[in-house]
Structures are given as structure tokens and as C-alpha cells.
Amino acid sequence: MSYKPKMARLMRRLLIGTTLAATAISLPLMTSTVMAQEDFPTRPIRVIVPFGPGGLADVTVRLAGEKMSEILGQQIVVENHPGAGGVAAAEQLLRSEPDGHTLIVMSNGTTIATSLFTELSYDPQSQFTPISTVAWFDLVLFSNPDTDIDSVEALLAKAEADPGSINIGTVNPGSSQNLAAELFRSVTNMEANIIPYRTSPDVMAALIRGDLDIAVESYTAFASAIEGGQVRAIAVTGLDRNPALPQVPTAAEAGVENYDVTGWNALYALDGTPDAIIDALHEAVATATEMPEIVQKFADLGTIARSTTPEEMADRFEVDRQKWAEVIDSAGIETQ
Amino acid sequence: METLANLGLGFQAALTWESLLFCLLGVSLGTFVGVLPGIGALATISMCLPLTFYLDPMHGMIMLAGIFYGAQYGSSTASILLNLPGSPTAAVTCLDGYPMAQQGRAGVALFITTIASFLGGSFAIILLVGFSPVLADFAISFSSADYFSIMILALCAASTLSTGSVIKGLLMVAVGLLLGLVGTDISSGAARFTSGNIDLSNGISLVALAMGLFGVSEIFANLCRGEYATVDARAITLRSMLPTREDMRRFWPAAWRGSVVGSIVGMLPGTGPTIATFMSYSVEKRISRTPEIFGRGAIEGISAPEASNNASVQAAFIPTLTLGIPGDAIMAVMLGGMLIHGITPGPQLLTDEPTLFWGIVASFWIGNIFLLVLNIPMIGVWVRLLSIPYHLLYPAMLFFICIGVYSVSYSTFDVLLTLVFGLAGLFMNRFGFPAAPLLLGFVLGPLLEEHFRRALVLSRGDLAVFLERPISLIFLAMTALVLAGSIPLVRAATGRVAGLVRKRG
């Protein structure tokens, strides 16, 4: 890697950055204009992300967005509006026009939020309309390499031999990770304490320290510790193996039946957006997610680039919503 | 020897044109947002993060890091000159910095805080260069029980933060603890004290609370008094900045102690610079032979916290770079920035990307030297920024506070909350209730509860865990010492109350 780029290249990068920032600032000032659908998009497209910048769901959208910009010929501007239940982000979208120039990222987390928050101020299923998924992520069961828990079998055997001794760490109650652990505990009938932490790094530190026997997290969150040999991946939660961890079995392969936790993030538009525009956007996502460069970059992050049709997406949302509603209910997680 | 070679490699990378440019850009921007109340490093870094996607990863990190530590330098300026902290961490600097300005010693205070910042920053950088891997392992060996005991110690130290009534100070700690409970309970997921308001489910924003209690309330108080704290830019000359020999004699030991406290607190994930500054202020007041001068312009009262807060932000890079475990929200955003470039910070970063690692570390030092220049010879620029007439300055400050609070989580509710805390702060100010202990209680409350509960879950409910773990035991023993030392203070306070009751009766 060279750290001496040419000054010209540097200045160009700076310029791109400044233009981007300027566009982001001036966008809300623009009023939407009536336009013929064939010349969609007529101006930069805002993508509202309900999480902070830098996370996996955010990074994958940014990477795909860059390619979509090239395909659509208009800049995709990613805006982060983090906040409980995705409310702040949803409000941004609801304030815009259904013309496809403002989109939102929905995720597995949204399907959970609809059950976790009894009075959510928006309804993603009726107010928003799906375009396509962007990335699919599984979660990973990690153990401390200093222990003898080197497989799901060993974990279940230990839980059996010494009931209640197993500590499983995850982030906040009601997070995908936490519910994945709850579901794992219930389908395997194992006795274990599920201990919530505030952030993923807290979970990682606790596992390395030996406070936890198992941590449930994404591949990316623990990537450095995997490479450093400080944690050991014993199973992945999806139906397929993780591209970054090809040697690690799925939970099903390890003998756990009826267990599949696969998260996703997807682009949604405001309900009432013309079909032709939804199709154009869907086409752009589908093309971007098939680009070898994107497939590779996503795989490096331990995620899979894959698009779905709007109909498939709507079905998936409903299936996941019901699944998590049951888990929340049976795990006794308090709703707000 | 290897370290020296590595450092050489680092300086080679950090002394290129582009690196220097981005370092300067970062620290200047950091100082700027630090000087302005409200807009803090987190918001600025989040806003700048997308820009770094277009930069070389090292340059991007150098710039973001520069914003982070640059803001710590800048945030003391407004604390000293206007009693308006640039960030929550600088609230402590108001306690003694503003009285110094009122005594016509603003120049000295600005000089001392800058030197203290440099010292603290440098101290932590040396730790980062020399002992990173060892210290990182040490830092993550702290379990929940250990954190709990540290928080208990910090909480007990809170009683020293107020200059007036001890009872009122403790009362404010309690209020802070209660405010800290608002939001989603980390253990059960239940919403507490949110009145069904989803805006409160993530808890009360620290920035909204701090800016309301310290920033907005100070502006209101000045308006109510009809006296306006104005800054005379011409009075801050280089000559006026020169401290006396006595000042320096008191500065050195305090700044060293601050650096040590700040480095230890800073490298522990999840603590952060606010706790570091409060702890080092308490330490100074505790061990001082003249605790009564604290709050009236004590040199130690600005030296230690400023050294501590800069040491803490530099030390926060130790677990982030060597283990990939970010200590706070800002570090987490920077970690995300590295992930975008396909770089995973962690134990192998040192071997895989030595130029990147050492380049960033070397840039810290260069950045700190830039900051020294920006904050001593060029202090006039920042002072002038604050010396515009009050009828322009106050609306501008309120504007920046609103923008700053809003930008943390794009929430208009937080802006309203800031106003509410501003009014509450005005009331507290009038009746002699100190705001600093409230802030400390607020920061510590949730951590205290979280770690206490988790420690007990891990020990299956056995309270002995707090005495069995050596680190925890040490901190609890220190707490006991602090409490024993407080007995005369408490007795004096209760004696006064009893006296009052007798008088009334």
C-alpha cells in the first residue's frame, strides 16, 4: 500500500467529498417536482439509514449505493438517522414525496421493532413498499478457545452436565443477537443464562476475559478477534455457511433442528411510489448486488449480496415479524 | 530498539505533505468545534466520516483522530472565558477556570490548560507506543465487578465536587443517578421513566443534559442578572499568559497525577473522558492541603482535569487499535471508518499494517504539537471568536448549542430537553445547587447499575465477588479510605443543619 497519492488525485477526492457534503446540505431545500417517470431519477437519491454510520448494515448500503449511483446516473446520498425503533428515520421518509428520490433501509431489526414497541409511530408494512434486499447476514456462535467448547455438541453436553453453568453474551435485550440466542436456547432446550451487554465490543471483551462461554455476534464485529485467535467460531446461525467462515458448520449441520437466523437489510420506498420507479430501483439493486466487486466486498465482511423481488421481500418481512413476535413473547422480553 | 525503528517508520508516513495537511485540518477543525459550545467531537466525526471514504485510510484516520483530541484542547477555552463548557468533559474546567478569568487571570488559565493538555496527551502517547499490547490486555481483564468498584469510588469522590453545601452536592448526585435511569433497562429491555415517550427510550442525551445545565443556564443567568460576561480579546496577550513561578510549582504535580488518572480511566472500555476529568479533579481536591481554594481559581483544579481528559482520549486508542475494542462511541465510529477501507483493527494490525498503525500514532504527536501552536501563539483567534458583543454572541451560542445537541442523534426532542435543563440549571444556580455532581451522577448511574447487576448474574448472586476479585477489592478499599476521610466533612455539615434547626426551634 502506498501512502503517497498524487496531489491531483487527492484534490479530486477532496472535491468529491465537498460536493457530496454540499449536496447533502442543499437537498432538503429542494422541492419535489412533477416529472415524467421515464427520466427517473432527476436528482440525487437520499437513502435514510436508521443506524449510525460505520455499522455493517450501513457499510453494505454505502457500498451498494456507490454502484447504484453509477447505474442510475444520479448520486446516492446516505443519511444516518439513528434512534430507537427506527422512528427518527421513518419520520424523514414520511415527510418526503412518494417519487423514489427518498428511500429508507429496513432490516431484520425493523421486524423486531414492530413487536418490541407497542406504539410505533409508523407501520413499515403499510406505509412503506419494498424494493429489494441488499445484503443477508447470519450470526455466529463464538466460544473462548481456552475452553473445551469447540462445537455445538460440546456446548450442549456441557450445559447438560452442569445445568445453568453456561453464560451466553449478546448485545441489548431485543437485538437480533439477543433474540437469536433466546431462540437457540429454546430450540435446544438448554439451560443457560443470557447476559445482555451494551455494545458488541463489550461482549467481545467479556468472552476473551472468560466471563462468557458463548457470544452471539456477527462475523464482522469479531473479525479481528477471530484472526487473532482470541475467539473461536463454533457455528453460524443461517441455513448456508458464511462466506468468510467456510469451515464453520451451520447450526443445522451441527444437529440443531428448526434453527435459522438470517438477518437482512433492504431498501424500501414510500407507499404510493409508481411501479415503474420501484422497478427501476429494483433493477439497479439487482445489478449492483451481482457485480463481482460487490459480491467480493460483501463476502469479506461476512455477508452475502443478494436481491429479492418486492413480493419476496414483503413475504419475508411478515415471516420474520411473526417469528420474532413469538420469540419475544416466549422469552418474556418486556415490550415498550 | 524495535519500537524506535517502528516509530521511525511511523514518522516517515506521518511527515509526508498529505499527512501533515490532514493532521492540521483535523486538529484545527477539532479546536474550532471544541471552542463552540454544543458541537462536539462525536457529531463532527460522524459528519466527516463519509468524507474519509474518499481518502487514503491513514489520512482519513489521522484527520478523524485529530478532530477527537483537538476538540479536547478547544473545549476549555469557552469554559474559562465564558463559563460555557465546549463539551461535557470541560464542565469541570469551568469550576476553577472561570473564577481565574474573573480574577483577570484568563491568560494564565488558557496557557496552563494547553500545557496540561499537551502533557496529558504526550504521556498517554508514550504509553501507547511503549506498552500498548500489555496495557490492552490489562484493560480488558477488568470484569463487571471491577468496573462496579471503580464507579463506587468515583461516586464517593463526587462529594468533593461542590464548593458549597455538602448536603446539596449529595442531593444533586442522587438527582443525577435518577436521571441516568431514564431509558431502556439494559438487563430486561423494559422502558423506565419514559412516560411512553419513544424519544426517551434511549435515555436522556448526555450532551443535552450537559449543554442545558452548563451552557444554556449560564446564558440565561447572565441575561437575568443583566451583566454580561464579555471577553476582551486585547487582554489575552502572550505576556498575560505567563504563569508565575508559584503557578508552575503547583501545576506540575497536578498535571502528572491527572495524566496517570486519565490514562488509566481512558484505556478502560466504556468509561470515557468525562469520568476521567471528574476523578482527577476529586483526587486533587482530596489530597490538597488547601481544599478551600478549589472552585475559587485553583491552578490544580484546571491542570489535573485538562491533563486527564487529553490523556484519556489518547489512551482510548490503546484498546481500539490493539484489540479492536473501542472504548466509546467516538472510537466505535472511527473503527467503522477503518472497516469501510477493509482494515480490521486488532492484534494483527501491528504486523499486517505497521505503516498505518505507527503512522497514526506518530501523527498524534505531530497533532499535539500543532495544537500547542494553535492554542498558545494563536489563542487570539479563538478568543476573538468568543469576544463578539453579547447580543450577537448569546444567540449564536444558543444556535450552536441547538445544532450540536440535534446533530448527536438528529432529535428535535433533545433540543427541547436542552431548554428544559437550561431552565432547571438556572433554578439550581439561584438556589446554590451545584450542577457538576449531577452530571457525574448521571454519567455514573447507568454504568454502576449495569455492572452491579451483571457482576451478580455472573456470580449467580454471590456478593462476595466484589471482595474476591483483587482489582475490585483494591478500589473498594480506596473507597473506604475516601469515606473515612469524609467523616469530618459530613459531621460539619450535619452540625450546621442541627444548628439551624436549633435556631429555628
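Predicted model: local features only at pLDDT ≥ 70, side-chain atom pairs only at ≥ 80, totals over all residues.

Modeller: Helices here are DSSP runs of H or I with at least four residues, and strands are runs of E with at least two, numbered from the N terminus.

Biologist: What share of chain A counts as buried?

Modeller: A residue is buried if 20 or more other C-beta atoms lie within 10 Å of its own. Of the 336 residues of chain A, 51% count as buried.

Biologist: Why is A:Thr129 called partly exposed?

Modeller: Buried needs 20 or more neighbours, and exposed means 12 or fewer. A:Thr129 has 19 C-beta neighbours inside 10 Å, so it counts as partly exposed.

Biologist: Where does A:Thr129 sit, and which residues does it touch?

Modeller: A:Thr129 belongs to strand β4 of chain A. Leaving aside residues up to four places away in sequence, A:Thr129 touches A:Tyr268, A:Ala269, A:Asp271, A:Thr273, A:Ile278 and A:Pro310. A:Leu270 is 141 residues from A:Thr129 in sequence, yet their C-alpha atoms are 5.9 Å apart.

Biologist: What share of the contacts in chain A joins residues 24 or more positions apart?

Modeller: Among contacts with a separation of 6 or more, such pairs account for 76%.

Biologist: Which sheet of chain A do they belong to?

Modeller: They are part of an open sheet of six strands in chain A, ordered β2-β1-β3-β10-β4-β11, with mixed pairing. Its edge strands are β2 (76–80) and β11 (303–305) of chain A, each pairing on one side only. From one strand to the next, the twist averages 30°. Helix α2 (residues 56–72) of chain A packs on this sheet, and its direction makes about 165° with that of β2(A). Helix α4 (residues 108–116) of chain A lies across β3 and β10, at about 75° to β3(A).

Biologist: Why are β7 and β9 of chain A said to stand at the edges?

Modeller: Their sheet is open and has five strands, in the order β7-β6-β8-β5-β9 of chain A, with mixed pairing. β7 and β9 (232–236) each have a single partner strand, so one side of each is left without a neighbour in the sheet.

Biologist: How do you know that β6 and β8 of chain A pair?

Modeller: The requirement is at least two bridges. Strands β6 (residues 166–171) and β8 (residues 214–217) of chain A have two, in the parallel sense, so they pair. A:Ile168 stands opposite A:Ile214 in β8(A).

Biologist: How many residues take part in the contact between chains A and B?

Modeller: Chain A gives 48 residues and chain B gives 51. Elements giving two or more residues on the side of chain A include α1 (7–26) and α8 (200–209). That side divides into 23 nonpolar, 15 polar and ten charged residues.

Biologist: At what angle do helices α7 and α21 of chain B pack?

Modeller: Helix α7 (residues 144–157) and helix α21 (residues 436–458) of chain B pack at about 145°, with axes 8 Å apart. The crossing of α7(B) and α21(B) is left-handed.

Terms used:
Residues numbered from 1 in each chain as written. Chains lettered and ligands numbered in written order. Contact = placed C-beta atoms within 7 Å. Axes fitted to C-alpha atoms, helices over the stretch in contact; angles between N-to-C directions. Nonpolar A, V, L, I, M, F, W, Y, C, P; charged D, E, K, R; others polar. Left-handed = near helix turned anticlockwise from the far one by under 90°.
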